[in-house]
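Please review the structure shown here together with the briefing that accompanies it.

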Amino acid sequence: MTVLLVATLAVPALGALAAALLPDRTGRVVGTVAAALAFLASVALAFGREPGGTGAIRPWHQLDVPWAPALDLRFHLGVDGISWPLVVLTTLLTLLCCGYTVWRVPVPGVDRPGVDPGGPAEEARPDDRGRYLVALLLAIEVGILGVFESLDLVLFFVFFEIVLLPMYAVIAVWGGPRRRAAATKFVLYTLFGSVLLLAGVFVVVAGAGTADLVTLTQRGGAGLGHGTQVVAFALLALAFAVKSPLWPLHTWLPDAHTEAPTVGSVILAGVLLKMGTYGLLRVAVGTVPGGARTLAPLLGVLATAAILIGALVCLRQTELKRLIAYSSVGHMGFVLLGIATLSATGFQAALVGNIAHGLLTGLLFFLAGALKDRAHTGELDRLGGLREVAPGLAGLLAFAAIGSLGLPGLAGFWGELFTVYAAVRHGGPLWMVLAVLAAVGGALAAAYFLRLLRRVTHGPAVNAVVGLRPTALAGAELVAWSPLVLLALAVGLAPSLVLALTAAPVHALVTAVTP
Amino acid sequence: MSLPTVLAVLLPTVPGAAGLAGLLVRPAARRTAAALGIAATAVALVAAVALTALRQTATGSVTLADLGDVTVHVGVRVDPVAAAVAVAVGTVALLVQVYSVAYLDRDDRYAPYAAQVSLFCAAMLTVVVASDLIQLLVGWEVMGICSYLLIAHDRTLPEAPAAAVKAFLVTRVGDVGFWLGVILLGTGADSFRIDDVIRAAASGELSHARVTAACLLLLAGVAGKSAQFPLHTWLPDAMAGPTPISALIHAATMVAAGIYVVARLYPLFLGAPAALTVLGVMAAVTMLLGALAATAQDDIKRVLAWSTVSQLAYMAGALAAGSDQAAIFHLLTHAAFKALLFLAAGSVIHAAGTNLMSRMGGLRRGMPVTFWTMTVGLAALAGVPPFAGFWSKEAVLDAAARGSSGTVLASLAPVHLLVLVAGLVTVAITAWYATRLWLRTFFGASRGAAGHEPARTMWIPLVVLAVPAVGLGALTLVPRTTEFGWFAYAPARHFGVFTAASGYGRGAFGGAELDPVVVAISLAMTAAGVLGAYLLWRRDTAADPARVLGRAGALFAAGFRLDDVQRALVVRPVQAVATAVWLGDARVVDGGVTGTARGARRLGRTLARLHTGLPGYLTAVLAGALVLGLVAVLVGGVR
């Protein structure tokens, strides 16, 4: 089974190379095949699983070989119940995005002053760079999977960095009219986070004398002074807060999500953000729990602020993709609040919330992209009456929005309700207030998503929508979207699909980090 | 699994599965959609009837998810009362499906509509059978979204989308309280199972303060769903939905859910008298508010909508007075006569081509079935004996008159007196507006189109519903001696701690037990209302009896302008805050980021000018070393 673990990284890496070297269409197809193989390998990881050991992290499968013995660095990979759902989410979304790219290659932006990029003038210039897009998506996949599978802090950091440049290229080449600025902001902001992450990793490794996550988590911070733990947690949490993102470190996100091409937005929102929340849980909370306990109230306050501010900004948002991007700030606020409670329920809520957000926001960005491709605008003022013209698209948009607003029975609900539960259970005036505010944030989410639906789908069809072509959904679109729809429903009705896997490792983690 | 459990499981799952499948049916495939919708609701109805006939309590549950410190279950607990409510839900849903086939015969989006009706029914039945609070919450909110989708269905009405959004958001605001209430109970009892929670409350494991707080929070959600002041504002606007949907929402689903949930969790509420007092005040206000608003409406559906608000308040009043039996009894009779009234109104609107009573008149000629069935429904609404509404309304008033002492008008708590007085006054107002509606629609000279009977699938449901609207009062004759006798059910009995402490749970009704004085007063009120409306109308059969209201009429018609209040106190402030936050986010937070970047670039340029010649990588290495060194010093320092 260790072979499969390696395959999840090696296959996309080889696929990326092949896609980049082969001619355009072949390259895209070969890349998609690689993504499909990686997906199958990641699913197969769940078979024959046995929790390894009795430690705080019990990987189902692992690979542990010396990497740089002189520096005591190890190439330690593993997958357990906490990381596996995220691994599969990553391989699934990458597969869907690659498949989508086989069907439609986004037109790279051109820098000609005076031409409205995204306007019809540019449409006639498809080129053969689609294979590079597929290659970059696969490279991003390697990085993200590496992050989720690393059981070594230094390795974790390396993979964390791998993601950055391909994503920069995806935004900067295939993005919207203001892609350069957005890509630069993304890369600088997250680099700033990386410096902090490096510093945090340095502090932990220097203090504890090992970079092995299993050992570090098992120790529960023992051997590290309280001051060191607080400093390390602050550094790590800041780094992950940039990625997640946490208010007020979120402003790279709306620009990046809005300017990125459809597949870029899907990957960004669907899995890239999860590197932050996963890192916070596994690395920051896992290795320096003492620091986490000290700083958790602050984290909780900021997460709640993110929920409310994200929702309020969405209420005033005028552009479709920007609105969805800001909704991510609120949703990730719930996830971060769940982690901040440092309780089993909070962690469970955060993990299922992660998956739900990946499915539903991924779907929302797919739909927003399809709508913008057809109507040539994302301005809410210029959209309206979609259900009169394209009922299929409107119906799916309604489904995704309703799921995203946390309707019980769909995936988004479990994370939100049980985050509030965890905060109430935590007790004390501060956490009670945070719970109430988070619950209010949930209602605000309903308000802005229904506002979105009212503006886009209801009423008489307006100009941009009347001329919308094609009105029907393409087969490729249905293939790319239906897994997300089905999984959002399945996780909503049977949250055990995720929670049964995460329950045991979460209990182990909570035991390890509780003094 | 035993047979009752299987039946109870079928109740929500069959319509739910049919609803989800129906969403995939092509909009053009009317037959498939109709067959699916009708069959699913029919199965649910048969299961509910069978459960009622079996007279056993169905129970069973499985674990849904392990959420760390707590486990969520999904299961069923259907006692005879739940079964009776399920019969009402199934009946109304089935008739609505049948009725809609003809009512929406030219609608090209009939297929999703039928599917959404099935989902709506499934969600309500989930609430009815739920054995776990989280499961109940799922049904509770899915119902909200179904109402949203169905109210927005009619594309020709420009106000429909706004009304749909309002319906969902107002109830969702109430649900913030509901969420927190459920969570308070769950964290206190370490379980969401309703039985566990009630047991924990009875044993004192859940503190009195926590139960009271949770019940008060739950009431926010109940007020939203069951349209009680101040969260009732969505219901009149929800008229923008197709008429069968109004019947569905007003009769057996959605609004009934709030009342049902209080009855389901009644032992908790009995342990939280403060919550019941709040509920009583809310009920008294809503009763009068709804009835007065109904007096001045010109739109026939809006009259019925406001009457729902007012009638739901009777149920809430009964709960506040300690009688869950009276509340559920009124819920059942109201389901019958309100569904009948809405479907009959749909038939009237179908014939008259308008909702406005000022353009109706004389419609009894040409549509006798509609006329007679609607007459039955209005008589039941007005509380004319022996129609069903009379018996259940008397049960409510009797419960209020007995209060917590059990003896009529003896040492009545202020809140019970309030409910009683408001209830009696509302009886007169209800009779008045029911009579006005009856006369304005069916009598006098025609002010618009002539009446004609609708298609068979539309009038048959009317006849079917007229049966319980006439005869449901017979429920009072069911002997109370058997363990599962209809309304021998009193959850409070199982938890003597509450009954003994507060004397609650004694609200009794049944023909022989009604107090003659209260009945006499309420009958006099009914007569006064009917007569008052009739005399006003006879003076000028073309004019609106509501003219007598004078200037107050406009205020009543506008629902006391509470929409404006809501807009000024909630909607506008939220929008203003949103604008401020939006600007702050763009200018301050993001401005700070871009400002830093600009500053850094300027600094970089300055430094670069100073260091021309120094190789770039050397700078980078030195800067990196500096950062790491600083960190090392810091860490060393704090150690």
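Predicted model: local features only at pLDDT ≥ 70, side-chain atom pairs only at ≥ 80, totals over all residues.

Residues are numbered from 1 along each chain as its sequence is written, while chains are lettered from A and ligands numbered from 1 in the order in which they are written.

**Chain A**

- Chain A holds 21 helices and two strands; helices (H or I, at least four residues) and strands (E, at least two) are DSSP runs, numbered from the N terminus.
- A compact globule of 515 residues would have a radius of gyration near 24 Å, and the 22 Å of chain A agrees with this. The radius is taken over C-alpha atoms, and the globule rule is 2.2 Å times the number of residues to the power 0.38.
- Along the principal axes, the C-alpha atoms of chain A fill a box of roughly 65 × 55 × 45 Å.
- Of the 515 residues in chain A, 67% are buried. A residue is buried if 20 or more other C-beta atoms lie within 10 Å of its own, exposed if 12 or fewer, and partly exposed in between, with C-beta atoms placed from the backbone.
- UniProt, in an unreviewed entry, lists a "signal peptide" at residues 1-18 of chain A; this span is 94% helix and 0% strand, with its end C-alpha atoms 25 Å apart.
- UniProt positions are given in the numbering used here, feature names are shortened, and annotations may be inferred rather than shown by experiment.

**Helix α13 of chain A**

- Helix α13(A), residues 320-340, has 21 residues and should span 30 Å at 1.5 Å a residue; its end C-alpha atoms are 30 Å apart, which agrees. The expected span is 1.5 Å times one less than the number of residues.
- In α13(A), 21 of the 21 residues are buried.

**Chain B**

- Chain B comprises 24 helices and two strands, and 59% of its 639 residues count as buried.
- An unreviewed UniProt entry lists "domain: NADH-Ubiquinone oxidoreductase (complex I) chain 5 N-terminal" at residues 67-113 of chain B. These residues are 60% helix and 17% strand.
- Helix α19(B), residues 456-471, reaches 23 Å from its first C-alpha to its last, close to the 22 Å expected.
- Buried residues of α19(B) include Trp459(B), Leu462(B) and Leu465(B); among the elements covering the buried residues are α3 (80-103) and α15 (324-352) of chain B.

**Contact between the chains**

- The contact takes 49 residues from chain A and 44 residues from chain B; two residues are in contact if their C-beta atoms, placed from the backbone, lie within 7 Å.
- On the side of chain A that touches chain B, α18(A) gives the most, with eight residues.
- That side of chain A divides into 34 nonpolar, 11 polar and four charged residues. Ala, Val, Leu, Ile, Met, Phe, Trp, Tyr, Cys and Pro count as nonpolar, Asp, Glu, Lys and Arg as charged, and the others, Gly among them, as polar.

**Nonpolar core**

- Val92(B) and Ala339(B) touch the most other members of the largest nonpolar core, which has 459 residues. Such a core is a set of buried Ala, Val, Leu, Ile, Met, Phe, Trp, Tyr and Cys residues joined through C-beta atoms within 7 Å.
- Not counting residues up to four places away in sequence, Val92(B) touches residues including Ala247(B), Leu248(B) and Ala339(B).
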